[in-house]
Amino acid sequence: MPDESVKVAVRVRPFNQREKDRSAKLIIKMQGQMTSISNPEAPNEEPKSFSFDYSYWSHDGFKERSDGILEPAGGSNYSSQRRVFEDLGQGVLDNAFEGYNCSLFAYGQTGSGKSYSMVGYGQNKGIVPITCDEMFKSIDKNTDSNKRFEVTFSMLEIYNEQVRDLLSKDNPKGGLNVRQNPKLGLFYVENLKRVPVGSYAEIEKRTEQGTASRTVASTNMNATSSRAHTVVTITFDQIIKSESGSETKKSSVMNLVDLAGSERADSTGATGDRLKEGANINKSLSALGNVISALADLSMGTKKKIMVPYRDSILTKLLQNALGGNSKTIMIAALSPADINYDETLSTLRYADRAKKIKNKAVVNENPLDKLIRELKEENERLKKAMEGGGVMMQEGAGLTPEELEKMRKQMEEDIRAQLMANQAMLADNEESWNEKLAEARTETDKIDTGGADDKRKNKEPYLINLNEDPMLSGVICHFLNNGETSVGRKDASPVPNICLSGLSIQKQHAVIFNKKGVIEIESVSGSGSKTKINGLPLTGRKALCHKDRILFGSNHMYVLMNPLKPDTADNSLPKEITWEYAQKEIAQVKGFATGSAGLSKEQQIVQEQVLEILPMVSEVNAVSEELNKQKSFEVVLISAAAQEGGDVTQSQASNWTSKVTVKMKNLLNGNTWLWERGKFITRRYLIQELYQKFLDGEDVSNIPKEQDPFWEPTEDVLIGTSNLFLQSLSYCLDFMDTLNISDYKGQEEGQLKVKLEPCDNKGKPIDEEAFVDDPHELLNKPYHFKLTVETANIHKSRFSKGILVKYSVKNNGKMEEVKTPTVKNTLTPTFNHSKVISIPKLKQENLDFFESGCITLSVYGIQEDTMPDPKLLKLNTRELREATMYKELRNLTINQELRQMETMENTTANASGRRATMFGNEIASDTSHLKTEVVLLQRKYERLQQKERRMQQICEEWSKKPDGEKQFEPFYRAVSAVANSTGTRLKTRVQMLNQMLKLQKSVALPSYKDNSSSMLRLQKDSPDLQRQKTMDPSMLSKANKTSTATNGKRPSSAENNKTESSACVIQ
Ligand SMILES: Nc1ncnc2c1ncn2[C@@H]1O[C@H](COP(=O)(O)OP(=O)(O)O)[C@@H](O)[C@H]1O
Ligand SMILES: [Mg+2]
C-alpha cells in the first residue's frame, strides 16, 4: 500500500456582522488551488501564496434560497456546503465502504468557520450530517441479504486534558480514562458510550443530545467551548456472508474532529506569569502542532530519527491513527477573511501547509470473522497469562526510579485488564446481540428530550432560549414558561425549581417568572444575593419583560425571552436575531465601555473586541472570588498608550494611540492592586476555573499553598501614573524645567512631578546659554549629552505614602537603559533630586526627530506592602467587601465625572460617556502636556531671539556711533550675521511660531509670560501672514506643527517653510 498524503482543504467564510460594520478589508484571494493572503500593514508587499488540494471560496457570490440554503449566485465560484461534501465527504464515505479508516478534522481560530464546515448551521448542513445521511441512504439501498451493517456513534469532548462523554449523563470526576491497547499500541477511551444507530435520524438526535450536553457543561462549569475539541467517532462495519457461510468483516472507523480554536491567548502577555506552566490551556492543540511538524519532517526525510510525540496530549493519543497511521485523512483549514485576523490566518495557512506533507499508510480493514474471533481468543489467553503469577514484571528501565517503574507496571496491568474486558465484549458480539443492542439504544434515543425541538409549542407559548458565545451552542436550550409561576434556581432548593441552573452566582432560589396569558414579569428572589440582569441592567424587585428581552442569570446563563403571544419588543431598534454578541455589547455599554464601530483604527477595533471578550471573564472571576471568598476583585482597565511604560511615542503615532486591555486585581482588605496583562489574566482565569471545578468536585481548596493559588500574587510596586516629558528643547540646546502632571490610566490627575532637562557636557556639567542653536541641524554629527533630573513629586493619594519612586527607560549610548530613582519613603512629597546623564555619541537625524516628537515616559510607582487589614474588614466576606468598594468607587466616579464635565464643558450624558472619556482621557492629558511643553519651549526660543535682536540692535547702534572713517562694512556684516545666523525670512518664520504661541497661551492655562506686545507689533508689520494667523485656534497649532514635522529631515528652505505654514492656515 503506497503512502498517501493528508489532503488539505482551505475555506474562507463571509464577513460576519461585526466585520461588515467596521468595513473590514478582505485579505484572502483564491485562484484554482492557490490561496494567497496579503498583509494589510504592508500593501506593497507581495501576497504570500500557498497551494492546497482544495481551496473553497465561500466568502461571497452566494444567494439564499427560500429554504435558507446558500448556493452560488449566477456563475460565481462560491463553494456551498454541498460542494464541499461532494469533494471531501463523499470521499470519506467511499473509503468507509471500502474498509478504510478515515479522519476529517477542522482547524482554525474561533469563529473562522470550523463548525460551519463540519456540522453546519440550520439548513446549511455540514460534512458530518450529510455524510451520515448519505451513509444510511446507501445502506438502505442495499438489497443483498448476505450483507449487514453495524454502525455506532460516539461523541466526546476534550477540555483541559479531560475526556467527557457527551452522550452520557454521568461522567466521572477528572474525565474518562484514555488507555493504550497493549497489542496494537493504539489509544482509546475506556467506557466511552458507543451507541448503535440504525438511521440518520438517530444520529441527528444523538448529535443534538451531545450538543445540549456541551451547552450545559459550558454554561454550568463556565468552560469555554472554543477551548474544547469535539470528536465524533462513527464505526462502520459491514459483515458479508460468503456462499460457503463464512463471514467477513470490513470495518472503518471515522473520526470527525472539530478542533479547539487555534488562536494564541496572547502568549506574550502570559510569559512573565509564574503560574503559566500550570495552565495547559491549549496543550492538546500545541501537541497536535508538534506531532504534525514531526510527521512532516519524517515524510520529507529531512531528519531521520524523530520521535513523534503522540503521548504528549489526550488529543494526539486519540488521533494517532489519523495522523501518520492507518487512516485516510483530510484537514479543513478554516480562514477568516478580515484584515484584523491577518496574523492568525497566516499561521493557519502555515499550519495547513505543514499538514499536507504528512503521509499515511491506510489499509483496508477486512478480515474473516472466524479469524478475528480466533485472534481475539488467542489474545485473551495471552493477556490472562500475563496477568497470572503476580501480574506484569517490569525490566529495570533506563533512568526510571522504582516509583516510576511501579507506576508504569500498574498502568500496564490496568490496560491489560481493560483490554480483556473489551475483548470479551467483542467476542459476545454477534448478529442477535447486535440487534438487541440496537433496539435498546433506539428506545433510549426516542426518549431523549432535545428541548429546543418543539417547534409547534414555540408558536404558542412564551419561552426562554439560551445564548452562548459559541453560535453552535446558542438556541440549544429552551424553557417554556407555563401560565402562572416559573421558578428559577438551584436543584438543591426545596421545592426543586422549575428551571434548574447551576454554576456561579446562581442562588438556591434565584428568580421567579410570572406569565399571565402572555404578560410576563420577572422578580428577583432573596433580594440581596440574587444576580440577574435584564438587558444589561441589574434586576431589583419586579420588572415586566418584553419579547426579545435579554436575561442573564448569575454570571453565565444568558437567555432571550421569546413571546409569540405579545410579539412587541420594548425597543424597535433591536436586530432581527439577538445574538450573544449583542447581549454582551449591551452589558459592556451599561458598564461604560464604548462599543461603537465607526471610524476606529485597526488597533482600536482589536481593543474593542478584546474588551468584549474579557468582560464576561472578569465577571466570572469576580463571581468565583466571591464564592471561594478570596477577598479579591477584578476590573477591566484600559491603559492608554501614553500611560504605558517606556512609551516611545512619536507624534506621528499619536493619532492612533491605542489603549491596552488590562485587568486590575485588587486586594479588598488592604487596597493593594496589581495590573495583569490580558494574556496573563486569561491564563489565570483558566486556572481559576480549574480551581473552582475542584471546589465543585468537593475538594477542599480553601488552604491551597499561595504559590499555587491563581488569586495570589506577591506584592509589587503599583503604577500610580505616568508623565510624559517632551524633548523639543533639546533640539535647540535649551534647558527646560517643568512641573508635569502625573495621570493614571484613566487620565485622572494623581499628582505632579518636577523635572529638569539640561544639555550638558559628558560629565553632566550644564553648558552655557550661548550654546543655543537656532537650527537643530547644527547639532548633527556631534556628540550630545543631556541631563535628566527628577526633582520632586507631589502625590495626592495617601495610600501611596509608603514609598514612591520613578522609573523610565531611555536610550543611553545607543542602548536602552532602565533608570530608577531611589525610593523615598513615608511621604507624599518626595524629593528625589535624581539625575542621569544621557549621551548620544553622534547625533543623527533620527535623534532630532525623536527630540521633536518623542517623549520619555516617567512612570511613578508606589510601594505596596502586605499590611494587615482593618479588623473590621476581616469580618466581611468577599461579596460584602466588593459591595462596599463598589459603593465607594461609584461615589468617586460620579464626583470625577462631574469634575471632568465641568472641565471640558462637554454636554455629554453621564455613565457611558464618562467611561468612554477614560478610554481616551490619558491621551487628551498627554496631548495637553505635549502642547504645554511646546509653548514653554517656544517661549524660551522667543526670549533667545529677543536677546539676539537686542544684540543686533546693539551692534547697529555701536556701528552708527562710530566715526564714518571706521565704519567698515565687512566686520559689521560678520558681527550681525554671526548673531542672526539666519536670513530675514527665517526670522519671520520664527516669529510666526511665536504668534501661534501667543494664541495658544490664551487658551491653555500656563505659567505667565512676559508681555512683549510692542516688539510683536513691530514684527507683525513685516509679516502679512501673521494677520491671517491671528484667528488660528490652538488645535490648528498641532496641525501646523505636524505639517512642519513632516518636512523634517530634509531641512526645508525658507520658502518651503513659509508654504507649509500658510497651507496650515488654509485648513481653517
Ligand atoms: N462558509 C460559511 N458561510 C456562511 N457563514 C459561515 C461560513 N463559515 C462560518 N460562517 C459563520 O461564521 C460564524 C462562525 O463560524 P463557526 O463555524 O461557528 O466558527 P468556529 O467553529 O470556527 O468557531 C457562524 O455564525 C457561521 O454561521
Ligand atoms: Mg465551533
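Guide: The conversation below treats the ligand, the chain as a whole and then its salt bridges.
Guide: This is a predicted model, in which local features need pLDDT of at least 70 and side-chain atom pairs count only at pLDDT 80 or more, while totals for chains, interfaces and linings use all residues. Residues are numbered from 1 along each chain as its sequence is written, chains are lettered from A and ligands numbered from 1 in the order in which they are written, and side-chain values use heavy atoms, with hydrogens and water left out.

Visitor: Which residues come nearest to ligand 1?
Guide: A residue is near a molecule or strand if one of its heavy atoms lies within 4 Å of it. There are 14 residues around ligand 1, and Gly111, Lys114, Ser115, Tyr116 and Tyr121 come nearest. Helix H3 (residues 114-118) supplies the largest share of this shell, three residues. Helices here are DSSP runs of H or I with at least four residues, strands are runs of E with at least two, and both are numbered from the N terminus.

Visitor: How is the shell around ligand 1 divided into nonpolar, polar and charged residues?
Guide: Ala, Val, Leu, Ile, Met, Phe, Trp, Tyr, Cys and Pro count as nonpolar, Asp, Glu, Lys and Arg as charged, and the others, Gly among them, as polar. By that division the shell holds four nonpolar, seven polar and three charged residues.

Visitor: What makes the approach of Ser115 to ligand 1 a polar contact?
Guide: A polar contact is a pair of N or O atoms within 3.5 Å; within protein, one must be able to donate a hydrogen and the other to accept it, and residues adjacent in sequence count only if both atoms are side-chain atoms. A polar side-chain atom of Ser115 is 2.7 Å from an oxygen atom of ligand 1, so the pair meets the limit of the definition. For Tyr116, a polar backbone atom is 2.7 Å from an oxygen atom of the ligand. In Gly113, a backbone N or O atom lies 3.0 Å from a ligand oxygen atom. Taken on its own, ligand 1 has 550 Å² of accessible area, and the protein covers 82% of this.

Visitor: How many helices and strands does the protein chain have, and what share of its residues is buried?
Guide: The protein chain contains 28 helices and 44 strands. Of its 1068 residues, 51% count as buried, where buried means under 20% relative accessible area, exposed over 50%, and partly exposed in between (1.4 Å probe, protein chains only).

Visitor: Why is the pair Lys328 and Glu4 called a salt bridge?
Guide: A salt bridge is a side-chain nitrogen of Lys or Arg within 4 Å of a carboxyl oxygen of Asp or Glu. The closest N and O atoms of Lys328 and Glu4 are 3.1 Å apart, and therefore the pair qualifies. Lys328 belongs to strand S19 (residues 328-335) and Glu4 to strand S1 (residues 4-5), so the pair ties together parts 324 residues apart in sequence.

Visitor: How do you know whether Lys328 is buried or exposed?
Guide: Its relative accessible area is 18%, so Lys328 counts as buried. Glu4, at 28%, is partly exposed.

Visitor: Where do Glu521 and Arg542 lie?
Guide: Glu521 and Arg542 form a salt bridge with closest N and O atoms 2.8 Å apart. Glu521 is in strand S27 (residues 519-524) and Arg542 in strand S30 (residues 542-545). Glu521 is partly exposed at 27% relative accessibility, and Arg542 is partly exposed at 44%.

Note on methods
Areas by Shrake-Rupley, 256 points an atom, 1.4 Å probe, with all protein chains shown as cover.
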